[in-house]
Every structure is written in structure tokens, then in C-alpha cells.
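Please open the model in a viewer and keep the selection tool at hand.

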Amino acid sequence: MKKLLSTLAAFALVATALVGCKSDSATAATYAKVGLGVVSSVDDGEISTTFVAVGLDSDDVIQYIDLDVAQSTPGSDSEYTETKEERGDSYGMKDYSASLGNIEDGGEWYEQAAAFEEYCIGKTGDEVAATEMDESGYATTEDLTSSCTIHVSDFVEAVVKACENAEAAEADSIVLGRTMSNDDEELDTTMIVFALDSDSKVVTAILDIAQIDNEGEILETKLERGDDYGMKDYSASLGNIDGGGEWYEQAAAFEEYCVGKTVDEITATEVDDSGYATTEDLTSSCTINLSSILEAVSKVQ
């Protein structure tokens with residue numbers, strides 16, 4: 001794939017996509033693996049959750065990538081319910097970016113994120129990990145300095161995690177859905193990745209939620225917390241799942257439920273007024289609330 005140019009015209013071309021990048025060679029090819037990587041941080045009450053979906057070929061080379069950041073300060077004037085990519089031009093970075101002089105006429109956040117995605121295409125996770133940065137986390141490699149002047153250290157870490165976490169897929173396309181919400185002093189970011197076959201049916205699903213409070217006491221996602229999340233006993237008390245199910249186990253049940261279905265079929269999953277599944281395929285294995293999960297599914301791109 002051609003290198004992303006640093007001109008305004010090239011940025012406009014990237015902006016029309018607003019989706020993860022693919023290499024030309026992977027358009028008709030199969031993705032051998034799909035992965036999701038999540039990195040969260042808290043700075044003076046502001047919560048940032050960076051998440052990346054990747055599609056790898058059989059040599060573990062990145063052929064698809066979609067990167068986004070959920071950033072919000074719950075309970076303040078800086079409380080947001082859209083990710084940086086979703087905010088588009090309203091994010092308001094372009095003029096400041098132009099003042100730095102590296103990018104002609106400046107680059108909005110989503111445009112610079114697209115440049116970083118393009119930089120990752122054709123690289124392995126290890127090669128992305130070797131990206132040269134200064135002590136503040138800004139890229140110093142020539143491939144990025146003229147097109148991506150935003151902080152990239154979390155991008156790199158999330159890409160590396162996504163590659164390390166990658167699961168077998170054998171898929172024709174990959175899509176990522178995301179949604180975020182504020183709850184008092186907490187930011188919840190729900191992410192779901194689908195690897196699809198040629199009939200647009202799910203062959204692999206990856207679900208995760210970053211539930212981060214503004215003190216930053218726990219930065220791991222629900223999936224990463226594993227048994228420490230502590231849902232099993234409460235789940236057992238409900239009586240639906242014999243012995244109870246931890247969050248990651250119930251998430252795995254939902255992922256399995258998605259396999260073989262289209263996105264539209266998953267979006268149509270029956271739930272009650274509170275967002276809990278009522279379909280027989282889920283009631284005995286997944287009693288977690290599906291409201292944000294189904295919202296993320298409805299927003300896949």
C-alpha cells in the first residue's frame with residue numbers, strides 16, 4: 001500500500017474511511033488471526049482508554065488495524081460519551097496541530113490516528129514495539145513525524161497487546177464496535193471485535209470492557225482481571241448458571257453465541273427492559289447485562 005502522504009489532500013482521503021486500515025494485498029485475502037489490545041491510564045481525573053483491533057496474516061504481519069481512544073473526565077465539563085474517532089472534526093486539534101509546523105495545515109486527531117494505522121500496516125507487533133519515541137511518548141521516526149504528532153506510546157502498547165492476544169480467525173473481514181458511558185466517577189468502554197467470513201457471519205468474537213474509575217486504582221479490563229473480578233459467587237446465587245460464572249466466562253459464552261450469526265442477528269438479541277438476555281441460548285450461560293454490549297455491536301464498522 002502506498003505511503004500515507006503528509007499533505008492535506010491525503011488526510012482528506014484518509015478521513016473518508018474513518019475505519020481501520022487494510023493493505024491492498026489483504027483485501028481479498030484471509031486474516032489468520034484477530035486480536036484486541038486495551039491500555040488505560042488516568043491523569044488528574046481524566047480517564048483514557050486506548051483500544052486497538054488487529055487482523056494478522058499467517059506470518060503475524062498486521063494487515064488490518066482500527067485504533068480509537070475513549071477519553072473522558074466523569075462528572076465534569078470534560079465528560080464525553082463519544083470516542084475521539086467518533087468526535088471527528090469536533091475534537092478540535094487541527095489548528096493546534098498546524099501551529100506545530102510538522103503537518104501542513106494541521107491534522108485532526110482521527111487523521112493522525114489514521115496515519116499511525118497506516119504506519120502499522122505490513123509490520124509485526126515486534127516491529128511496532130520498536131517504534132522510536134522520545135521520553136514523552138512522541139514518535140521520532142521519520143515515517144511518523146510528518147503525519148502523526150500526537151502521543152503514541154499508548155498506541156504502541158495497545159497494538160503490541162493486540163498482536164500478543166490474537167486468536168485464530170480465518171476470516172475475510174474484521175469489524176470493531178465501541179461505546180462509552182460515564183457513571184459518577186467511572187468511565188466504561190465496551191469493545192467488541194468480530195472476524196467475519198465471506199457471508200458476513202461471525203467466525204471469531206472478542207468482547208471486553210474497560211471499567212476505570214478516576215482514581216486509577218484498577219487499570220485492567222474485565223477480561224484481564226479474570227477471576228479477580230469477583231462475579232462468580234453472585235452469579236451462582238442467581239441460580240441460572242450451575243456454580244456461577246465469572247465475567248470472562250460469561251463473556252466467552254456471549255462470544256460463542258455470536259459465532260455463526262450476522263451482526264444484524266446479534267443486534268436483534270432479545271433482552272428485557274433492564275438489558276438482560278431472555279433468549280434461551282444465553283439465559284443459562286450469560287447473565288451479565290448486555291445493554292452496552294449490544295450497543296457496541298450495533299455500531300461495528
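A salt bridge is counted here where a side-chain nitrogen of Lys or Arg lies within 4 Å of a carboxyl oxygen of Asp or Glu. The model on display is predicted, and by this rule it holds 8 salt bridges. In general terms, side chains of opposite charge can pair when their charged atoms come close.

**First stop: Lys 94 and Glu 111**

Select Lys 94 and Glu 111, which form a salt bridge with 3.2 Å between the closest N and O atoms. This pair links distant parts of the chain, since Lys 94 belongs to helix 3 (residues 94–100) and Glu 111 to helix 4, 17 residues apart.

**Second stop: Asp 68 and Arg 178**

Next, select Asp 68 together with Arg 178. The two form a salt bridge, and their closest N and O atoms are 2.6 Å apart. Here, too, distant parts of the chain are linked: Asp 68 is in strand 4 (residues 62–72) and Arg 178 is in strand 6, 110 residues apart. Asp 68 is buried, with a relative accessible area of 0%. Arg 178 also counts as buried, because its relative accessibility is 2% and buried means under 20%.

Now extend the selection to Asp 66 and Glu 85. With Asp 68 and Arg 178, these residues are linked in a network of salt bridges.

Move to Glu 224 and Lys 161, another salt bridge, in which the closest N and O atoms are 2.6 Å apart. Glu 224 lies in helix 8 (residues 222–225) and Lys 161 in helix 7, so the pair ties together parts that are 63 residues apart in sequence. Glu 224 is partly exposed, its relative accessible area being 36%.

**Fourth stop: the aromatic rings**

Turn now to the aromatic side chains. Rings are paired here if their centres lie within 6.5 Å, and the count by this rule comes to 5 aromatic pairs. Select Trp 109 and Phe 155, whose rings form an edge-to-face pair, 6.2 Å centre to centre with 90° between the planes. Trp 109 is in helix 4 (residues 109–120) and Phe 155 in helix 7 (residues 153–164), so that this pair links distant parts of the chain, 46 residues apart. Both Trp 109 and Phe 155 are buried.

Phe 116 is buried at a relative accessible area of 0%, and Tyr 119 is buried at 9%. With the four residues displayed together, the cluster can be seen: ring pairs link Trp 109, Phe 116, Tyr 119 and Phe 155.

Select Asp 183, Asp 184, Glu 185, Glu 215 and Glu 217, which form a negative surface patch. Asp 183 is part of strand 6 (residues 173–183). This residue is partly exposed, with a relative accessible area of 41%.

As background, most residues other than glycine have a negative phi. Select Asp 60, a residue other than glycine whose phi is positive, near 65°. Asp 60 is placed in the loop between strand 3 (46–56) and strand 4, and at 32% relative accessibility it counts as partly exposed.

Then select Ser 200, which is not a glycine either and has a positive phi of about 65°. The loop that holds Ser 200 runs between strand 7 (186–196) and strand 8 (202–213). Ser 200 counts as partly exposed, at 41% relative accessibility.

**Last stop: Thr 279**

Where does Thr 279 lie? Its place is in the loop between helix 11 (263–267) and helix 12 (280–283). Thr 279 counts as buried, with 17% relative accessibility. To finish, select Val 263 as well: the C-alpha atoms of Thr 279 and Val 263 are separated by 16 Å, and the two residues are 16 residues apart along the chain.

Definitions and conventions. Residues are numbered from 1 along each chain as its sequence is written. This is a predicted model: local features need pLDDT of at least 70, side-chain atom pairs count only at pLDDT 80 or more; totals for chains, interfaces and linings use all residues. Side-chain values use heavy atoms; hydrogens and water are left out. Patches are made of residues with over 30% relative accessible area and no salt bridge: like charges are joined within 9 Å, nonpolar side chains (Val, Leu, Ile, Met, Phe, Trp, Tyr) within 5 Å. Accessible areas come from the Shrake-Rupley method with a 1.4 Å probe; for residues, only the protein chains shown count as cover. Lys and Arg count as positive and Asp and Glu as negative; His and the chain ends are not counted. The place of a charge is taken as NZ of Lys, CZ of Arg, CG of Asp or CD of Glu. Helices (H or I, at least four residues) and strands (E, at least two) are DSSP runs, numbered from the N terminus. Buried means under 20% relative accessible area, exposed over 50%, partly exposed in between (1.4 Å probe, protein chains only). Rings of Phe, Tyr and Trp (its six-membered ring) pair if their centres lie within 6.5 Å; planes under 30 degrees apart count as stacked, over 60 as edge-to-face and the rest as tilted.
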